[in-house]
Amino acid sequence: MLIKLNRAALALSTLAASAILASANPALAGTEVSIKPNGFSPIPIVVLSEDGKKWTKVKNKQLLLNVTIGIGRTDQEVIGFKVRQGWPPQASTQPWQHVENYENAPARVDKNLTISGSTDNFTPAERTKILKACNANLVTGGSINQTYNLFYGVKVQLLGLFTDSTPGMNIGRVPGKYGNGTATVKVICKGARDLPGGLATEEPKELKVGSIELFRSTFANATSQPNPGTVCKKARLLVRLKTNKIGPVKFKLWTRIGNQPMTSKVVDAVSQFTGPGQFKAEYTEWVSVNKTSFVQAMAEDMTNPIGQSSGWKSITLNCTGAGGGGLADVPNPNDEGPLVSPLKVTGELTLADKAGAPKDKPRLGQAVFKIWATKPGATSYRLTCSGSRKWEGTLPTFKVGNKKYQAVGAANFQIAKTEQIGCALRSTSLNGDPVIAIATRLFKLVKRNPNVSGPGGITGKPKPTTGKPNKRPAVIVTPKPPKKPAIKVAPLRKTVCIGGKVSRNSCFCPARTKQVKIGANAYRCIVNVVKPKAPPKKVILVAPPKRAAPAIRTAPVKRKTFIGKKR
C-alpha cells in the first residue's frame, strides 16, 4: 500500500512539473513564425518542349526567392532564425540558405529577405504540377509554338529560435518553431518555335555542325593512384558539337600526354534536342597519368566536308606523394620526335573572281589567303575546296609585328557553272593539321541569251567554205529562231491647242471658253457666248369675280283679261 501511495505521489508531482514547463514552452503557447512571398523572383522558371508536342522538361537553374518573415512572442525573445527551400519531409534534406543569430535578443523580427534556391530541389510532384499548368494552355486551344507566362509558389520553410525571458525561470534555450510558406516565381512555358501563325519550320534536310568545342577541367575528388605512394589528378575532356537538327555526328579526338606519341580516335555521337532550335552532342573522356604530365587535346569535326576544329587545348596534371615521378613531364622543344611546337598559326581566307574575268562565261576564281605565325621561318599549308580541289605548299614569311610573321598565297580554280564553293585552309606546320580559316561563296555563271548555243550563250561566226573537203566532223549549230515580224506603230502626233494648254497630249480650255476641233489633233478655244436670259414675266393678281346670288324663281303672274268694262 505504501508503494502504491508513493507511486501516486510521484505521478502527481510529475504532472504538476509538466504543467509548469508547458506554460513556459513556446511550442505549446502559439508563437508567431510566418514566411510569406514578397513580390516575385527576378529569375523565372523555364519549361521546355522536347518533342514539339507538349511541355516535358523543367530546366534546371538557380532561383532567387523573395520572402517576408515575421517572428515574435510577448513572453519570449528571438535569438535567431533559419530559412531554406522546401516543406517537410523533403525540407529536412535541404541545407539552410539563410541563418541569423542575435546576441542582444530582440522581442520581434520582421525582415524582407532574398534567399537562394534551385529547380534541382523540386520534387517530382512539383515538376509534374508545373508541367500540367503549362500543358493546360493546349487544352484550352493554345499552341505549343507560343510562349505562355504563369506564376508558381515555391515552397520555403522558416525556423524561429527563442529563449525564455521571464526572470527566475532558469529554463534557458527552448526548442524553435517552424513556419511554412511560399515564394512567388514567374514560369515561362517556352514555345517550341516562335513563328508567325504558330507554324513549325520545316526540318533541315542535311545535318550540319555549327561549332565544335573542347573543354578540359579537373575536380577535387577526381584522382587516380598509379601506385600505392602516388596520387595524380585526372582530367575530364568534354567535346560539344552544336548542330541544326537531331542526328549522328562524327569527330576525331587527338590527345598527347607529355612526350609520348600523339594518339587519335574517331568518336561517333548523336546530337539531341536541348531546347527550341537547339541541338547538341556531347562526349566525355577521362585522362589519367602516372606522373606529373602536360596533356594536350584537340577535337576535329568529321561530319561535314569542310571540317572544323576546337584548336589545341592543354592542361597540366600534377601528382603528389613519394612516387610522384619527380620533375614534371613537360615537352622539351629540343627533344627529337614529332612534338607539338609552341608555334601558333592563324589564317584568313577570301574567295573571289579573278580580276577582269567576265561573269557570263567560264572563268577563273581565286582563293587568296594569309597566314600569321608567332615564329620566323617558312610555313606549310594545305588548301582544300569543294569539287575535289586541293593545293599544298610552303610559303616564306616576313615580319609584320612583334612575334608576328605573315605569308600570303593564292590559288586559282575553274568556274564552269553556277556553284557554291567552300574552302578550308589548314596549317601543316602544326600537329594534326588544324583548320585555321574557312570561307564559302556562290559563283554565278550568267547567260545573256540562253536560246543560243555556246559557252555563255554566244556562238562564234562560222568559217567560210573553201571548196576543199573538210575532214573534221560536222559541227551541229542550233539555228536561230525566226524573228517575229515587227509591229509598226504610228507615230504619236502632237496635240495643238489654240487659246488653251496642252497637258498629257490633251487640250484644256480656260473657263468660260469651249473647245472646238479645227483639224486632226488640233483644237481652238473660243468664248462661250451665253444668251441673256429673258426677264421674268410679271404676274398680275386679279381678284376672282364675285359670284351672283342665285335667282329666286317665282311663278309667273297670270294677268286677267277683261272683255268689256272693268268693274
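# Close-up views of a predicted model

**Overview. The whole chain.** Of the 567 residues in the chain, 32% are buried. Buried means under 20% relative accessible area, exposed means over 50%, and partly exposed lies in between (1.4 Å probe, protein chains only). This is a predicted model, in which local features need pLDDT of at least 70, side-chain atom pairs count only at pLDDT 80 or more, and totals for chains, interfaces and linings use all residues. Residues are numbered from 1 along each chain as its sequence is written, and side-chain values use heavy atoms, leaving out hydrogens and water. The chain has two helices and 32 strands. Both are DSSP runs numbered from the N terminus: helices are H or I with at least four residues, strands are E with at least two. Among contacts with a separation of 6 or more, 67% join residues 24 or more positions apart. Contact means heavy atoms within 4.5 Å. The chain exposes about 37700 Å², and carbon and sulfur atoms supply 56% of that area. Accessible areas come from the Shrake-Rupley method with a 1.4 Å probe; for residues, only the protein chains shown count as cover.

**View 1. The largest nonpolar core.** This core holds 33 residues, and Ile45 and Ile71 touch the most other members. A nonpolar core is a set of buried Ala, Val, Leu, Ile, Met, Phe, Trp, Tyr and Cys residues joined through side-chain atoms within 4.5 Å. Elements giving two or more residues to the core include strand 2 (45–48), strand 4 (62–72), helix 2 (124–139) and strand 9 (173–189). Strand 8 gives the most, with six residues. In soluble globular proteins, nonpolar side chains tend to be buried together.

**View 2. Around Ile45.** Neighbours within four places in sequence are left aside here. Ile45 then contacts residues including Val58, Leu63, Phe122, Ile130, Tyr152 and Val187. Apart from this core lies another, of 24 residues, with Tyr381, Leu383, Leu430 and Ile436 among them.

**View 3. A salt bridge between Glu32 and Arg108.** The two side chains meet at 2.6 Å, N to O. The pair links distant parts of the chain: Glu32 is in strand 1 and Arg108 in strand 7, 76 residues apart. A salt bridge is a side-chain nitrogen of Lys or Arg within 4 Å of a carboxyl oxygen of Asp or Glu. Glu32 counts as partly exposed because its relative accessibility is 34%. Arg108 is partly exposed too, at 38%. Glu32, Arg108 and Asp110 are linked in a network of salt bridges. The whole structure has 11 salt bridges.

**View 4. A salt bridge between Arg426 and Glu300.** The closest N and O atoms are 2.5 Å apart. Arg426 sits in strand 26 (residues 419–427), and Glu300 in strand 17 (residues 293–301), 126 residues apart. Both residues are buried.

**View 5. A salt bridge between Arg363 and Asp353.** Here the closest N and O atoms are 3.0 Å apart. Arg363 lies in strand 21 (residues 363–373), and Asp353 in strand 20 (residues 345–353), 10 residues apart. Arg363 counts as buried because its relative accessibility is 4%. Asp353 is buried as well, at 19%.

**View 6. Thr255 and its partners.** Thr255 is in strand 14 (residues 247–257). Its relative accessibility is 14%, so Thr255 counts as buried. The side chains of Thr255 and Thr263 make a polar contact of 2.9 Å. A polar contact is a pair of N or O atoms within 3.5 Å; within protein, one must be able to donate a hydrogen and the other to accept it, and residues adjacent in sequence count only if both atoms are side-chain atoms. Not counting residues up to four places away in sequence, Thr255 touches Leu237, Met262, Thr263, Gln296 and Ala297.
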